[in-house]
Amino acid sequence: MTNTPALPDVNREWHLLSRPVGWPKPEDFALVEAPMPTPGEGQVLVRNLYVSVDPYMRGRMSDAKSYVAPFELGKVMQGGAVGEVVASNAEGISAGDHVLHFFGWREYAAVDAENAVKVDPQAAPLSTYLGVLGMPGLTAYAGLLRTAAFKEGDVVFVSGAAGAVGSQVGQTAKLKGASRVIGSAGSDAKVKLLVEEYGFDAAFNYKDGPVSEQLRAAAPDGIDVYFDNVGGDHLEAAIGSLNQGGRIAICGMISRYNDTEPAPGPRNLVRLLQTRSRMEGFLVSDHEDLQPQFVREVGPWVASGALKYRETVVEGIENNLEAFLGILRGDNTGKMIVKL
Ligand code: NAP
């Protein structure tokens, strides 16, 4: 053990008590006082500083078949986090180092060194390793460039455009030569941000009227790429506006995550046939090989301000659940982060 600072006796952590049906309710969760973890051989003890809440966590609260195991009932939930190592029993990581790991929803975590990635607070603010330079950033990069096979001159439409992934998709498309970028979001303030700060060519508030009509007005010559974060009427509208050889990257369908019944699919899938278009889902975890290229290309854009980002920061472990519920309500602009 390289360092043993005075630590609290208890570790506060969020447990899932019951599987939410529809919108998650506070009673489905509990903030629990657990014993302080002791790092074993090859482990580090991390004091979490920034904890991520992400839409995919809604899926892990359910036990429906998916690509990742459900959270266990009565146990602490998981998610991305960045923290400071306060004690180390592992080679290569020392007290005082900062690490990215997967044991969020709690104040302290004992983490196997192989599951902790050192991050440099001098190179970028620590919270960005959960956002613009982290998992959502790579999602935007891989989904746009690989799954949607973006090419210069494309007209790109992205939903959830003021969120962590969406804001990065739109700006990346602009930086890489899109002829037109259109975004949709759920408030007028977000729409203004997209156009005035992020350089989108057009944006609309999907709550103002039918998405298909608003999209047709914003993209009179159709779209080549749709990056879907939302599903539902957005997906149907995008299919309806596809040009020949269109490409749809299915990243997420947040409008459906609290559904209790399967929703009807888009009614206009025949457009895929008529336009020789392709629609493909992807998971960021399938594209980890792009990580070095992503950091090389996007890191300098972020450092220079060519690619802008926002974070919505909620303070305190006691507000971790509210922060999560906030992303389902659209409270966030850019990445939702919990600061401990
Ligand atoms: P985010 O966009 O930062 O936050 C979620 C946003 O979704 C909210 O701010 C809200 O913004 C919007 N939203 C909520 N309910 C909505 C509804 N009914 N209709 C339309 N918009 C709604 O979250 P993120 O982390 O960047 O994730 C964006 C999407 O990517 C999610 O679908 C997520 O599941 C997906 N994702 C997929 C992968 C992957 O590997 N495939 C990885 C990361 C994320 P408004 O105010 O605009 O409504």
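Reader: Hi! Which helix gives the largest share of the lining of the largest cavity?

Author: Hello! In this predicted model, that is helix α3, residues 164–175, which supplies three residues of the lining.

Reader: Nice. How many residues line that cavity, and which lie nearest its centre?

Author: The lining has 13 residues, and V132, A164, Q168, Y309 and R310 lie nearest the centre. By class, five are nonpolar, four are polar and four are charged.

Reader: And what volume does the largest cavity have?

Author: About 80 Å³. A search of the whole structure turns up one cavity of 30 Å³ or more.

Reader: Which domains does the lining draw on?

Author: Domain 1 (10–131 + 309–339) and domain 2 (135–285) each give at least three residues to the lining of the largest cavity.

Reader: Okay, switching to the ligand. Which residues are closest to the ligand?

Author: The closest are K190, Y206, Y257, V284 and N332, out of 26 residues that surround the ligand.

Reader: What does Y257 do there, in terms of atoms?

Author: Y257 has a polar side-chain atom 2.7 Å from an oxygen atom of the ligand. Backbone atoms take part too: a polar one of A164 is 2.8 Å from a ligand oxygen, and a polar one of N229 is 2.9 Å from a ligand oxygen.

Definitions and conventions:
Residues numbered from 1 in each chain as written. Predicted model: local features only at pLDDT ≥ 70, side-chain atom pairs only at ≥ 80, totals over all residues. Heavy atoms only, no water. 1 Å grid on protein atoms, 1.4 Å probe; cavity = no way out; pocket = protein on both sides within 12 Å on 5 of 7 lines; lining within 4 Å. Points joined across faces, edges and corners; volume = space filled by probe spheres on them. Helix = DSSP H or I, 4+ residues; strand = E, 2+ residues; numbered from the N terminus. Nonpolar A, V, L, I, M, F, W, Y, C, P; charged D, E, K, R; others polar. Domains from an automatic or database assignment. Near = heavy atom within 4 Å. Polar contact = N/O pair within 3.5 Å; in protein donor to acceptor, adjacent residues only side chain to side chain.
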